[in-house]
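Subject: Structure handover

Hi,

Here's the structure I promised to send over.

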Amino acid sequence: MITWMQRNKKYLVVTIWISVIAFVGAGFVGWGAYDLNNNKATSVATVGHRSISVQEFQQKYNQIYEYHNNISDGKLTQEKADELGIENEAFQAVLQENLLLNFADDIGLSVSDDDILKYIIADKNFQNDGVFSKNLYYDVLRRARINPNDYEKNLKTAILLDKLYYALNLPATKKDVEMMMASLFMQDKLSIEMIEANENEIKFNEDEIKELWESNKNNYMTKTLYVIDTLYIESKKDDINQTALSAYYNENKEKYKNSDDKIMPFDEVKEEVAKDYNIEQSKTNALEKYIAVKKGELATNGSMSLNEDNATFSIDEIRGAKVGDVIKPFVYDNGYLIVKIKSTTPPQPMSYEQAKEQILEIYKEQKLKELVENKAKTAMKDFHGKDIGFVSRDMNNTIDGLDRDETRAFVDQMFESPNKKGYVILGNKAVIYDILEQKLLTNSVNNNYKQLTEQNVMLLKNNELIKDLIKELQKRYEIKEYVKR
């Protein structure tokens, strides 16, 4: 049963739980109001004969939150997550997954204990030198704070969904690939003319700038200002027992990796390990002083005024705290910092003078675009282009007068346009073009992209298949929601 899964492991839809547990910052979501009637307090919904637990919903929320947090370089806040609608996205995702799981059950797909065991054994995360290690398996889950039973339950769901996708898989036909390649790999012979506008040509109008500010002033807010009292606890600098230091390194060696993601030898990171060890050994002292500050038995000895632009530590440490709150000690500058919130000033709309510099940049962009577009429209009436030969979507060279990014943007927009003749705006430039001739790329070039094109066609077809299937399954299986949205 596991053979097909090992061959097609790259299609496995549900990310391994270990990556999901890397969730940072959101905490348990307090979303909606649960209906406690009929013993439904532990579920957010039922779909057909399957119940969606609060835990399952939370896992999905964490997974989606972490995805958005990663693409935001770890800067996603709870406020931004709420704005993005991550909770609703997670709820829709678990509903759709359970529609598919109901269907999988009804058509007779199942996952045996043997399937799960074989998958775990084949997983390189749990192997030493290519051989499965039971001790490593439990150790990895323990360090990730995952119960093995929960992990295997989630893995069972992942495998069942993957079996369903495998059973429904639509291959890309020859005609599908040819149509896609004709769309993607067309060559156009172009005649082009460059038009530019200069900032010196802009006629600044103070009234227009103020009007732009008036219509957008709520987009220009000051940052939340925090005034805080602080107590800094410097880490211990005692001589360290080398055995203890080596043991600390062995327990935390995953932290010490080079740019190639390889664990660095102890001797190369000894100073950094010693610093981390000392900070860790100072944690108890910091917590004791935190309690003393909280009880009013110990006074702070420093103060700061900061916002998210000038803070020397993550503003998330104090975001959302109330005046008088004492924040638990966090690592700061080779020690720990205890913070007591003295005052907060929420964001306020900037005055015209405060926002003028930012408004002026937008005003310039708008005026430059108007100038270059008007010039392009005029030039099109008396077009005298230069033949630059054939261009294609995958071209690697640049067009004279454009850098690589501008060339890519021009080519992409030109191929998306249905017009034989037109123009593309690129900042303060416009490229007027006229398509003189069209042809397909040579077969040798097509062959280079055939496999990639086939994969994309198959992905598109199967995505549409799953969308259509879910629409039909919504009619087949009853959905009961126990949260208010």
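The largest nonpolar core has 45 residues, and Val44, Leu100 and Tyr151 have the most contacts inside it. By nonpolar core I mean a set of buried Ala, Val, Leu, Ile, Met, Phe, Trp, Tyr and Cys residues joined through side-chain atoms within 4.5 Å. Buried is under 20% relative accessible area, exposed is over 50%, and partly exposed is in between (1.4 Å probe, protein chains only). Helix H5 supplies the largest share of this core, 11 residues. Among the other elements that each give at least two residues are strand S1 (43–47), helix H3 (54–71) and helix H16 (443–476). Apart from this core lies another one of 19 residues, including Tyr363, Leu368, Val372 and Ile432.

Before you go further: this is a predicted model, so local features need pLDDT of at least 70 and side-chain atom pairs count only at pLDDT 80 or more, while totals for chains, interfaces and linings use all residues. Residues are numbered from 1 along each chain as its sequence is written, and side-chain values use heavy atoms, with hydrogens and water left out.

Now the helix packing. Helices (H or I, at least four residues) and strands (E, at least two) are DSSP runs, numbered from the N terminus. Axes are lines fitted to C-alpha atoms, for helices over the stretch in contact, and angles run from 0 to 180 degrees between N-to-C directions.

H5 (residues 86–106) packs on H8 (residues 148–168) at about 70 degrees, with the axes 10 Å apart. That makes H5 roughly perpendicular to H8 (under 35 degrees is roughly parallel, over 145 roughly antiparallel, 65 to 115 roughly perpendicular, the rest oblique). On the H5 side, the residues in contact (heavy atoms within 4.5 Å) include Leu100, Leu101 and Phe103, and on the H8 side they include Leu160, Leu161 and Leu164. By class, this contact of H5 with H8 has nine nonpolar, one polar and two charged residues. For the classes, Ala, Val, Leu, Ile, Met, Phe, Trp, Tyr, Cys and Pro count as nonpolar, Asp, Glu, Lys and Arg as charged, and the others, Gly among them, as polar.

H8 also meets H6: their axes come within 10 Å and cross at roughly 100 degrees, which makes H6 roughly perpendicular to H8. Asp115, Ile116, Tyr119 and Ile120 of H6 take part, with Tyr151 and Lys163 among the H8 residues. The H6 and H8 contact divides into six nonpolar, no polar and four charged.

On to the rings. Phe, Tyr and Trp rings (the six-membered one for Trp) pair if their centres lie within 6.5 Å; planes under 30 degrees apart are stacked, over 60 edge-to-face, the rest tilted. The count comes to 16 aromatic pairs. Phe204 and Tyr363 form a tilted one, 5.9 Å centre to centre with 35 degrees between the planes. The two are 159 residues apart, Phe204 in the loop between S5 and H10 and Tyr363 in H14. Phe204 is partly exposed at 43% relative accessible area, whereas Tyr363 is buried at 3%. Phe313 and Tyr332 have ring centres 5.8 Å apart and planes at 85 degrees, so that pair is edge-to-face. Both Phe313 and Tyr332 are buried. Ring pairs also link Phe126, Phe132, Tyr137, Tyr138 and Tyr151 into a cluster.

Lys364 touches Glu199, Ile202 and Phe204, not counting residues up to four places away in sequence.

Cheers
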